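Subject: Structure handover

Hello,

Here is the structure for your records. My notes follow below it.

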Amino acid sequence: EPLKKVLAIDPNDEVAWFGLGKAYMDDGNWDAAVESLESCIRVKPAYSAAYLALAQSLQKLAQLDRCREICRQGIEVSTKNGDAMVTKNLEALLQTIG
């Protein structure tokens, strides 16, 4: 709820979108997580961790083609950002789903 209030005030707050997405993931609400994380990336396309969380949520929904696409985009972004851990996790996820 606090995150929704922040977003009502500032819909361009990528940290709030990411937090909301992670909260939905914790609840197993994958559809809502995907929506929030896509909003996060729309607001800040360089938010590496959002790609990983989005890819994980898409995997849970068995949306594997979209998951692969997000993994590839995320690897590109995280590599550019120097986020080695995110890159490694996205590469591992990509290998898992083939």
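Is threonine 87 buried or exposed? Threonine 87 is buried, as its relative accessible area is 11%, and the cut-off for buried is under 20%. Note that this is a predicted model, so please read every value here as computed from it.

Threonine 87 is placed in helix H6, which covers residues 84–97. With neighbours within four places in sequence left aside, the contacts of threonine 87 are Ile75, Ser78 and Thr79.

The other item is the pairing of two helices, H2 (residues 14–27) and H3 (residues 30–43). Their axes lie 8 Å apart, and the packing angle is about 160°. That angle makes H2 roughly antiparallel to H3, since over 145 degrees counts as roughly antiparallel. The crossing of H2 past H3 is left-handed.

On the H2 side, the residues that meet H3 are Glu14, Trp17, Phe18, Leu20, Gly21, Tyr24 and Met25. Their counterparts in H3 are Trp30, Ala32, Ala33, Ser36, Leu37, Ser39, Cys40 and Val43. Sorted by class, this contact of H2 with H3 comprises eleven nonpolar, three polar and one charged residues.

As for H2 itself, the helix has 14 residues and spans 20 Å from its first C-alpha to its last, close to the 20 Å expected at 1.5 Å a residue. Its buried residues are Ala16, Trp17, Phe18, Leu20, Gly21, Tyr24 and Met25. These buried residues of H2 pack against helix H1 (2–9) and helix H4 (48–60) as well as H3.

Regards

Conventions: Residues numbered from 1 in each chain as written. Predicted model: local features only at pLDDT ≥ 70, side-chain atom pairs only at ≥ 80, totals over all residues. Heavy atoms only, no water. Axes fitted to C-alpha atoms, helices over the stretch in contact; angles between N-to-C directions. Helix = DSSP H or I, 4+ residues; strand = E, 2+ residues; numbered from the N terminus. Parallel < 35°, antiparallel > 145°, perpendicular 65-115°, else oblique. Left-handed = near helix turned anticlockwise from the far one by under 90°. Contact = heavy atoms within 4.5 Å. Nonpolar A, V, L, I, M, F, W, Y, C, P; charged D, E, K, R; others polar. Expected span 1.5 Å × (residues − 1). Buried < 20%, exposed > 50% of the residue type's maximum accessible area, 1.4 Å probe, protein only.
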